[in-house]
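Good morning. I will go through one structure, starting with a single residue, then a helix, then the pockets. Please have a look at it first.

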Amino acid sequence: MNLRAIKFGDYLTSDDGLILHEKNVAPAVPKTTYIPVPGRDGDLDLTEASGAVHYQDRQAAFTFLLTDGTHEDRVALVTKIMGLVHGQKLRIVDEDDYPDWYMVGRCKVENVQYYAAYAEVHISAVCEPWRYGIRKQTKAVTVSDSSETLLVSNRGFRVVCPTLTVTGQITVDYGEGSAELETGTYMIADLKLKAGLNTLEVSGTGSLTVSFQEAIQ
């Protein structure tokens, strides 16, 4: 039987026979801003004043059962976990429910309880609000004195600013903006990929590779 597993950095809990007994990952709370304005019904909602909703850190908690070996073996294993996880800021991967995404959090061994035949280990983490894609997404196009439409799909829900890698001399038109680029690597502040399908018009002579990291809640 394969054990359900959490990966903290390079440490995979199932490798040491830890049984994932309970997990709780709280949704990230939106950062909201409401301003009361005299003479106006309701408050002025400035939550998206920057162009997107932002979120607070989220809380994660995991409980593991240690049943293998002797009491001394379990004490040694807890010591190992303390050394690898406690106080560390790590990538956290839920290998069963979100194997393609990771969180980033400061981890803490909250409590360890020893019983006659097993031990119970509680690990918590204060995490960034997003789960990030393990694999970066890329989309490329080549033009030769021509114009091409590049469709870029963002499967995540976070608005991202992509990295543009250019060879040659090209022009990229995006929404209300445009940029003339030559060989190099760029991030353009007002070129943002929203959730869903994004359209870039690429012209000139050369190639463009768009790379970015998706994120979900």
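Does Asp145 count as buried or exposed? Keep in mind that this is a predicted model. Asp145 is at 71% relative accessibility, and exposed means over 50%, so Asp145 counts as exposed. Asp145 sits in strand β11, which covers residues 137–154. Its phi is positive, about 50°, although Asp145 is not a glycine.

Now a residue in another strand. Thr63 belongs to strand β6. The relative accessible area of Thr63 is 8%. Buried means under 20%, so Thr63 is buried. What does Thr63 touch, leaving out residues up to four places away in sequence? The list is Ile19, Leu20, His21, Glu22, Glu120, Val121 and His122.

Next, the helix. Helix α1 runs over residues 71–85, which is 15 residues. At 1.5 Å a residue, α1 should span 21 Å.

Which residues of α1 are buried? They are Arg74, Leu77, Val78, Ile81 and Val85. These residues cover an arc of only 100° around the axis, and therefore lie on the same side of α1. There is a general point behind this. An α-helix has 3.6 residues a turn, so residues three or four places apart point the same way.

The face of α1 turned away from the buried side carries exposed residues, namely Glu72, Thr79 and Gly83. As for the buried residues of α1, they pack against β1, β2, β6, β7, β8 and β9. One of these strands, β6, is where we found Thr63. After α1 comes Gly87, with a positive phi near 80°.

How much space lies in the largest pocket? About 370 Å³. The largest pocket is lined by 14 residues, and the closest to its centre are Gly51, Ala52, Val53, His54 and Val159. By class, its lining has seven nonpolar, four polar and three charged residues.

The second largest pocket holds about 220 Å³ of space. Of its 13 lining residues, Tyr174, Gly175, Lys192, Asn198 and Thr199 are the closest to the centre. Here the lining divides into five nonpolar, four polar and four charged residues. Which strand gives the largest share of this lining? Strand β14, residues 196–212, gives four residues.

That is the end of my part.

How values were computed. Residues are numbered from 1 along each chain as its sequence is written. This is a predicted model: local features need pLDDT of at least 70, side-chain atom pairs count only at pLDDT 80 or more; totals for chains, interfaces and linings use all residues. Side-chain values use heavy atoms; hydrogens and water are left out. Helices (H or I, at least four residues) and strands (E, at least two) are DSSP runs, numbered from the N terminus. The expected span of a helix is 1.5 Å times one less than its number of residues. Buried means under 20% relative accessible area, exposed over 50%, partly exposed in between (1.4 Å probe, protein chains only). The arc is that of the directions from the helix axis to the C-beta atoms. Contact means heavy atoms within 4.5 Å. On a 1 Å grid over the protein atoms alone, a cavity is a set of points where a 1.4 Å probe fits but cannot get out, and a pocket is an open set with protein on both sides within 12 Å along at least five of seven lines; lining residues have an atom within 4 Å of a point. Grid points are joined across faces, edges and corners, and a volume is the space filled by probe spheres set on the points. Ala, Val, Leu, Ile, Met, Phe, Trp, Tyr, Cys and Pro count as nonpolar, Asp, Glu, Lys and Arg as charged, and the others, Gly among them, as polar.
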